[in-house]
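Let's take a friendly walk through a protein model, from the whole chain down to single residues. Have the viewer ready and turn the model as you read.

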Amino acid sequence: MAPLDVLARNESVNAGVGWLSTGLVAFVVVQSVLSGALLWAGFAAILLAVVVLPPIWMRDWRVMAPWPLLLVSAVAALLGGYGLSTEVAGYFVVAGFALLTAVEIDAFTSVEMSRRFAVAFAVLSTLAVQGLWVIAQYYSDLWLDTGFLHSQRELQVDIVAVTVVGLVMGVLFEWYFGRVEHVGTYEQLDDTARSP
C-alpha cells in the first residue's frame, strides 16, 4: 500500500493531523484577537466551529474531515493571521471553508452529492462566502477604521481570484478523492458512524 493510502485510510492518523490543524486554527483565533485583527479572528473562529462540529456531534474525536483539506485551510489561516500574503491566504481560507462545508455536508449528513456536484457546490459556496466576507470587510472599514477595501476594481479582482482558487481546489480535491478512498469520505463511513 502506498504511503499516501496509509495516511488516508488510517483513522487515527487522519484524526491526529486533523486535530493538529484544528489547534493551528485555534491559535490563529487567539493570536488575531490579541493583535487586534478582530475580523480575521472572527472568520477563523467560524472556520474552527465548522471543523470541530463533526467530532462534537458524533461524540467521537476520530470523526474528522479529511486531513489534507483541514491542513490547507489551517495553514492559510495561519499565514493570514500573521499578515503573510494576506490576500492569497484569504482566497484559500474562503475556498477551503466552502469546500470543507461541502465535504462535511456530504460525509456527515444524509445528503448525498456526486463529487462533481460537490465541486460545483463548493465553488458556488465560495462565491457566497466571499460575498459575506466583503460585507464584513466593508463594515469593518466603516466601524473599526480598517483598510480592507481600497477600490471597486480590487474588489472585482478579489472575487475573480477567489472563484479561480475555489475551482482549482475543488478540482484538485475531486481528483485526489477519486484516487484515494479517504477515511473521511462518504464511502468510508458506516451506518453506525452516521447515527448521532
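## The chain as a whole

A residue is called buried when its relative accessible area is under 20%, exposed when that value is over 50%, and partly exposed in between. With that in mind, buried residues make up 44% of the 196 residues in the protein chain. Keep in mind as you look around that this is a predicted model.

What kinds of secondary structure does the chain have? There are eight helices and zero strands. If you trace the chain along its sequence, the pattern reads α-α-α-α-α-α-α-α. As for the surface, the protein chain exposes about 10400 Å², and carbon and sulfur atoms supply 69% of that area.

Contacts tell you how the chain folds back on itself. Take the contacts in the protein chain with a separation of 6 or more: 72% of them are accounted for by residues 24 or more positions apart.

## How confident is the prediction?

The pLDDT of the protein chain averages 80, and 85% of the residues score at least 70. Over residues 1-7, however, the pLDDT is below 50, and this stretch has eight contacts in the model beyond near neighbours in sequence.

Residues 185-196 are another stretch to read with care: the pLDDT stays under 50 there. For these residues the model has 20 contacts beyond four places in sequence.

## The largest pocket

Now look for empty space. Rolling a probe the size of a water molecule over the atoms shows where empty space is left. In this model, the largest pocket holds about 370 Å³ of space. Which elements give two or more residues to its lining? They are helix 3 (38-58), helix 5 (86-108), helix 6 and helix 7 (152-179). Helix 6 supplies the largest share, with five residues.

In total, 22 residues line the largest pocket. To find its centre in the viewer, select Trp40, Thr86, Trp133, Gln137 and Phe148, the lining residues that lie nearest to it. Sorted by class, the lining has eight nonpolar, eleven polar and three charged residues.

Is Thr126 buried or exposed? Its relative accessibility is 1%, so Thr126 counts as buried. Leaving aside neighbours within four places in sequence, you will find Thr126 in contact with Val94, Ala95, Ala98, Val162 and Gly166.

Ser140 is found in helix 6 too. Ser140 is buried because its relative accessible area is 5%, which falls under the 20% limit. Which residues does Ser140 touch, not counting those up to four places away in sequence? The list is Leu39, Asp145, Thr146 and Phe148.

Glu87 lies in helix 5. With a relative accessibility of 44%, Glu87 counts as partly exposed, because that value sits between the 20% and 50% limits. Not counting residues up to four places away in sequence, Glu87 touches Glu154 and Asp158.

Ala161 has its place in helix 7. Its relative accessibility is 19%, so Ala161 counts as buried. Although Glu87 and Ala161 are 74 residues apart along the chain, their C-alpha atoms are separated by 9.6 Å. Ala161 and Phe92 are 69 residues apart along the chain, and their C-alpha atoms are separated by 9.9 Å.

## Two loop residues with positive phi

Finally, visit two loops. Arg59 is found in the loop between helix 3 and helix 4 (67-81). Its phi is near 55 degrees, a positive value in a residue other than glycine. Arg59 counts as exposed because its relative accessibility is 78%.

Asp145 lies in the loop between helix 6 and helix 7. What is the phi of Asp145? The value is near 60 degrees, again positive in a residue other than glycine. Asp145 is exposed, with a relative accessible area of 70%.

Key:
Residues numbered from 1 in each chain as written. Predicted model: local features only at pLDDT ≥ 70, side-chain atom pairs only at ≥ 80, totals over all residues. Heavy atoms only, no water. Helix = DSSP H or I, 4+ residues; strand = E, 2+ residues; numbered from the N terminus. Buried < 20%, exposed > 50% of the residue type's maximum accessible area, 1.4 Å probe, protein only. Contact = heavy atoms within 4.5 Å. Areas by Shrake-Rupley, 256 points an atom, 1.4 Å probe, with all protein chains shown as cover. pLDDT = per-residue confidence, 0-100. 1 Å grid on protein atoms, 1.4 Å probe; cavity = no way out; pocket = protein on both sides within 12 Å on 5 of 7 lines; lining within 4 Å. Points joined across faces, edges and corners; volume = space filled by probe spheres on them. Nonpolar A, V, L, I, M, F, W, Y, C, P; charged D, E, K, R; others polar.
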